[in-house]
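User: I am new to this structure and would appreciate a guided introduction. Please take me through its arrangement step by step.

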Amino acid sequence: MILRSIRHLFLSFARNSQKTSLHGDKITPFNVKQALNPNNATYMEYKPREIEKKWKAYWDEHKVYKVSHQSDRPKFYVLDMFPYPSGAGLHVGHPLGYIASDIYARYKRLKGFNVLHPMGYDAFGLPAEQYAITTGVHPAKSTAENIARYREQLDNLGFSFDWDREVRTCEPSYYKWTQWIFAELFKHYYDKDLNKATPIETLVARFAKEGNATVNAANSQDKTFSAADWQAMSNKEQADVLMNYRLAYKKASYVNWCEALGTVLANDEVKDGVSERGGHPVERRAMMQWSLRITAYADRLLYDLENIDWSDAMKRMQGNWIGRSVGAQMFFPIVGSEQKIEIFTTRPDTIFGATYMVIAPEHDLVPSLTTPDQQEKVAAYLTYVKARSERERMADVKEVTGAFLGSYAINPFTEEQIPIWIGEYVLKDYGTGAIMAVPSDDDRDDAFARKFGLKIIDVVDKSNYPGSTRHDKEGIIINSGFLNGMEVPAAIDEMLNRIESMGLGKRQVNYKLRDALFSRQRYWGEPFPITYDAEGIAQAMAPADLPLELPDMDDFKPSTGGQAPLARATEWVNLPNGTTRETDTMPGSAGSSWYFLRYMDPQNDQEFASQDAVNYWQDVDLYIGGTEHAVGHLMYSRMWHKFLYDKGLVPTNEPFKKLINQGMIQGVVENLYMQKEKVNGVNRFVCASLVAAEEAKGHKFTKLPVLVDYVSDYGLPGSYLNEAGIKQFIEWRPDYAQAIFEGPEAIFQNGKITAKPGKSGALQLITQSEVGKMSKSLYNVINPDDVVEQYGADCFRMYEMFLGPIEQAKPWDTKGISGVYNFLRKFWGLFYDKSGNWSISDAEPSREELKILHTAIKRITDDVERYSFNTCVSTFMIATNDLQKAGCNKLAILEEMVQLIAPFAPHLAEELWQLLGKSGSVHHARFPVLNEEYLIEDTIEYPVQINGKLRTTVAFAADTPPQVLEKAILELEAVQKWTEGKEVKKVIVVPKRMINIVVAG
RNA sequence: UCCCCAAUAGCCCAAUUGGCAGAGGCACUCGUCUUAGAAACGAGCGAUGGGGGUUCGAAUCCCUCUUGGGGAACCA
């Protein structure tokens, strides 16, 4: 309602106001006065739409935000996570980060930095392809249209992007370099001794000379070979071995195959056993897939977190994802068998307490370790495990299940025979898929042992460590032979030495991090720059032959048997020389893993970016984006960047120095209560106030989200649907045209309102409101365009910042925007007198006015530096209120205020800058400089506390020394009233803050 | 279940990092102005989630409980 009334006001206002030719003409304060009709009371009015249209055109035309790396000024790189241009367009949540980064970029620019602030589009992706499959519209076309829409929306908000640097990951001129980097990854392996990516030729030379035993490299090669072995291998065999070392490699891997989408999904694209997009079932299937050996960088990805300015939460997430653990990889012999069980443990110190073993139900040794008498039980258990979905397994983690295989292993230290079990709590994919179980020191082992009556030996005495849990590595070893009496950390070390010297195993670092699956059976992605010869040996394409463009196709459905759509482009796949192309495409993360480097030199067709540009811009100083990329994009980008660093192509080890995660802007979801069972064949909706009574009658209800535009008092408690709202609702959802809508006073059906017996007949259906995601499916999306249309971009920008701290989630509330709008009008009004005439004085500002200004300068500067944009907005409000009260219209004050507000309200500032008669853009001016002198207080009002309670305040000269204060304060009548007859034990004076007198009793 | 973060006025948020709980906005009430309403201006209203501790002094530090949000998901 409020929204609507303001819109009316605004529209009538726009109609009535005379059209002044503000647009395009050079306007000075002088001819502004002439141009405006003083009889029209609205001529001094703040008109955001006219101002903003004018300055957008001006900035665009004069390329005000264009930057070059050829500059003497220090660089500053402010980056937003570029958007995927979806069909839905932007909602008010998207620009939050963009506005914050724009303010910061503009601030840094005014502070004298050469600011790189670019924008582009992450334009490859599944949604466009899914859309193409259902509608037949080519992804290139729909993507281009979506981009145009995004651009329009972004332009609407007055961002200072250098659009000459726009990148689109789906453009061949861009993905040429994505392919190039991939080919380089393919051509390198990771040398753990040098601790960097190294050309594969080096490896080939070493294999020929010494085999692979002496090579310390990240790999998935399981056999050792000598130089002679190597030389005896065929080309194909050698190629297969090298594949196990390359940083981009192909191997058969179990993948998340989604039949409905016809593609493989990354682990983070699968949620609860179904695809994140669409919720289709996902199964595990072995396929030949490209992967990136990100695990080679695991340690660097972990340790370099220390040197970057990211939130602890974000670092912890990445750290957990990498999941580094140090321990022992060792073998347990099996009674009556040559085979051994390989386990990984981080607690070798507890081996004396290992009383049984558990291997994963899918473990290779299960069949051979199952004794005939246990056959039946094991088979039954395996059937049970197979029938359980991922989801079930995750849901009841607490339930302990397992089966005894009948075989025994030997604990190499106690030399006792220990039973071997299978249990679903041991995972095939982690470590070796087998554990030694130490029930005394592991919660899960303990639960298992108790359930199945297995032996428990206490091996760690924690009595000296109160509060310590089993998980903590502390305590004194007992019942453990040579380890007895040692502290846990020392015992771990000692045991590792023994294991190694006894030849039982070795020290081993394990990671949760898996290599990144890099193949997708999709059309709309980067083709791999890879061809296969007749033997199937993969070859990277020469840089000169890149980009390898996507063939134009009109059918994007997956081919049968897990084949990508590209497999059908036979002319493209089969080359004249007999080689064939890879038909998979790269995943969405490919293009976004390095786009921040491309912005540095986006048009370069010789290099991904020139060394000049890269050395000038270095890295991203401030990166703003959502938390949802915590472990995906941010991990891959760091790896690609480190790879390029290893190759000497970028000067920094980390790409993003400072990271800020903007919080989500939530929406209010308005729901109608719909009765689950139909009444006389039609749906029935009831007012929220009636639901409790209805449920008591046994009726069940479900919530149906309603487009919020139809809801009156949207967002307020007691928001409701009236007759007009119900009619709009029916028009929107014609399947409910016959439905019953029942309020407390009246019933609506088929266009007719019937009053309930003895009731007024007023029709109101209260809706149920809740705060939730702003999303198309909940019909609660607020489009920034509409808000900008009513209040202007400057107001929208400031309001989004005003909502709350940037990193915090907060609900959107359109009502509050009027406060910011009023503030902007008030700010505008500072430049006009009461009768609406432009009125600026050249007079010397008073000390009071200077104090208001410099207080604002100090607070805005401090707050922007610490990314506290919400408090900046209120500082502007305070300063404006104060200046208005002081009746200040001094040029010296107001011109500084205009510069101060320029990063926040760029259009308004530009207009006032020009009206003040300044030349050039305010965005090329300088940021006001603080003069602390104006902030100095002559006297200070000291609050005086007696025993911590505020009793009075006393004014003293600011430079009164504490000793003098202490004395003077006790002599004051107002103080003596409280201290009379009591012993003064202590007087605490905090200079310029407060005084506390401690008295006895 | 574990880990992390938060909780201040009816609502969104401040509090210079241990020093007078309020800067700002929304909402509400009253007043000025107005034929009236709106706008504008002025004034008012009202709060540190509960319990304990440290301290001269706690919204701020510690312990504990409650609630909300985020993350992890049997990681050996």
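Analyst: In this predicted model, helix α32, formed by residues 962-971, lies across β35 (939-946), β36, β37 and β38. The direction of helix α32 relative to β37 is about 130°.

User: In what order do the strands of the open sheet of four strands stand?

Analyst: The pairing within this open sheet is mixed. Neighbouring strands are turned by 20° against each other on average, direction ignored. The order of the four strands is β36-β35-β38-β37.

User: Why is one side of β36 and of β37 left without a neighbour in the sheet?

Analyst: β36 (949-957) and β37 (984-990) each have a single partner strand, so one side of each lacks a neighbour in the sheet. The reason is therefore their position, at the edges.

User: Which residue in β38 stands opposite lysine 986?

Analyst: β37 pairs with strand β38, residues 994-999, over six bridges in the antiparallel sense. Opposite lysine 986, the residue in β38 is valine 998.

User: Which helix gives the most to the surface near RNA strand B?

Analyst: RNA strand B is surrounded by 56 residues, with Gly431, Gly804, Gly819, Ser874 and Gly948 the closest. The surface consists of 21 nonpolar, 23 polar and twelve charged residues. With six residues, the helix that gives the most is α29 (residues 869-885).

User: How many residues of domain 1 are in contact with domain 5?

Analyst: In chain A, domain 1 covers 2-63 + 807-931 and domain 5 covers 665-772. On the domain 5 side, six residues take part in the contact, and the number from domain 1 is six.

Terms used
Residues numbered from 1 in each chain as written. Chains lettered and ligands numbered in written order. Predicted model: local features only at pLDDT ≥ 70, side-chain atom pairs only at ≥ 80, totals over all residues. Domains from an automatic or database assignment. Contact = placed C-beta atoms within 7 Å. Near = placed C-beta within 6 Å. Helix = DSSP H or I, 4+ residues; strand = E, 2+ residues; numbered from the N terminus. Nonpolar A, V, L, I, M, F, W, Y, C, P; charged D, E, K, R; others polar. Pairing = 2+ DSSP bridges. Axes fitted to C-alpha atoms, helices over the stretch in contact; angles between N-to-C directions.
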